[in-house]
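Colleague: Could you show me how to read helix packing and a pocket in a model like this one? I would like the general idea and then the case at hand.

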Amino acid sequence: MDTTRGDVLILGGGVIGLACALQLLRKGAAVRVLEQGTPGCGASHGNCGTITPSHAAPLAMPGTLGVALRSVLRADAPLYLSPRFDGPRLRWLLGFARHCNWADFHRAATARAAILQRSRRLLGELVRDEALDCEFAEEGELYVYRSAQALAADERHHAAVLDCLGIEVQRLRGDAVEAMEPALKPGVAGGLFHPGDARLRPDRYVDELARRVRELGGTIECGARVEGFATDGKRIAQVHTTRGAFAGERVLLALGAWSPLLGRSLDLRLPMQPGKGYSITYTRPARPPRHALVLREAQVCVTTWASGYRLGSTMEFSGYAEGLNRARLDALRRGAAAGLHEPEGPQQLEEWWGWRPMSVDEVPIIGPSTRWTNLHLATAHGMLGVSMSAATGELVAAQLGGNTPALDPQPYAPARFGL
């Protein structure tokens, strides 16, 4: 059996694994990435590519569970809970329900804001320093409201939370929003503009990360699905894959939604569930939005690039059920049609689904394992993997290099779950 060693063996070639690989290489580590498919083939591929400190507030808050339970009867609801029985998902939902209180909400929002704002600054520097060709633009993101009631609710909650966290949000009247975005149909009640947000094309960002990892001497093993582990006491000795066995002085688990499935082999019970998201990608319409948009009542994200146009979002908790849910794709189209003059591009290029790795407290799990001496974790970034990628890479590289991190690592530590 072929055994290959490296300073750091990274399990997972999505946006988090590759961002960590790049930062480790920049610090002089030897890196090998094991990816079951090709780089970025999972949730990194089809998301909307927005970089969003504005999304610091977690989903878990008083009332969220009731919304989820009512969605059981609506397959096209923005937040949808599949009615089928699933033991692991039920346990996760019970844990999630325990976090639906204001104390945990504010704790999670503070932790998410710190890593999001750090990552937003670093990502702009990374794109420039490494010459990453990924259509990065610092144009902000605009929430659009057609209901005065919905706008008032978000001004009281969403905007107020961002104010407390020091994240800029601008309140706009309907006429100002329509002037700012001619792509919108008339009848806008108002908007919330987040000038610190940005956007990029996520598949190209991942491709560029992979390119730089290889150029700096890192190795990416494609088609290497992890099948198990050989351990020696409290140490991971080998990782067995479909392409042979690999070993590293340190092992980084960055498998996104697959992390809890592989974690079981290491006696780790990661409190995570896949949150299924959808998107539809088109060629660019003649009258595209100038900014990344969130059409709030429909919960549809709209992103325009020079090379294309995408509708996305939604959150579906259906366990590890694969495949497209046509009702949810149709809901994206209806939501866009209600708000935009040209809701779809002239040519549809792709309908996509992917699993976001959702932790029970909606804070990523980053740091050393308490169970295995040479295992590090970087997972559970939820819908914000792209947004948090640069700061996650920086934090992991500092921790593995024995340096003081720029971020306080405590809120993200696996130890909070006994991992």
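Modeller: Happy to; we will take a pair of helices and then a pocket. Keep in mind that this is a predicted model.

Colleague: Which quantities describe two packed helices?

Modeller: Two packed helices are described by the angle between their axes and the distance between the axes. Here, helix H5 (residues 102–129) packs against helix H6 (residues 148–165) at an angle of about 60 degrees, and their axes are 11 Å apart. That angle makes H5 oblique to H6.

Colleague: Is the crossing of H5 and H6 left-handed or right-handed?

Modeller: H5 and H6 make a right-handed crossing. On the H5 side, the contact is made by Trp102, Phe105, Ala109, Thr110, Ala113 and Gln117, while H6 brings His157, Val161 and Leu165. Sorted by class, the residues of this contact are six nonpolar and three polar, with no charged ones.

Colleague: Thanks! Now the second largest pocket: how much space lies in it?

Modeller: The second largest pocket holds about 340 Å³ of space. Its lining has 16 residues, and those nearest the centre are Pro88, Arg91, Leu270, Pro271 and Met272.

Colleague: Which helices and strands each supply at least two residues of that lining?

Modeller: Helix H4 (87–98), helix H9 (259–263) and strand E13 (272–282) do. H4 gives the largest share of the lining, five residues.

Colleague: And how does the lining of the second largest pocket divide by class?

Modeller: That lining has ten nonpolar, four charged and two polar residues.

Technical notes:
Residues numbered from 1 in each chain as written. Predicted model: local features only at pLDDT ≥ 70, side-chain atom pairs only at ≥ 80, totals over all residues. Heavy atoms only, no water. Axes fitted to C-alpha atoms, helices over the stretch in contact; angles between N-to-C directions. Helix = DSSP H or I, 4+ residues; strand = E, 2+ residues; numbered from the N terminus. Parallel < 35°, antiparallel > 145°, perpendicular 65-115°, else oblique. Left-handed = near helix turned anticlockwise from the far one by under 90°. Contact = heavy atoms within 4.5 Å. Nonpolar A, V, L, I, M, F, W, Y, C, P; charged D, E, K, R; others polar. 1 Å grid on protein atoms, 1.4 Å probe; cavity = no way out; pocket = protein on both sides within 12 Å on 5 of 7 lines; lining within 4 Å. Points joined across faces, edges and corners; volume = space filled by probe spheres on them.
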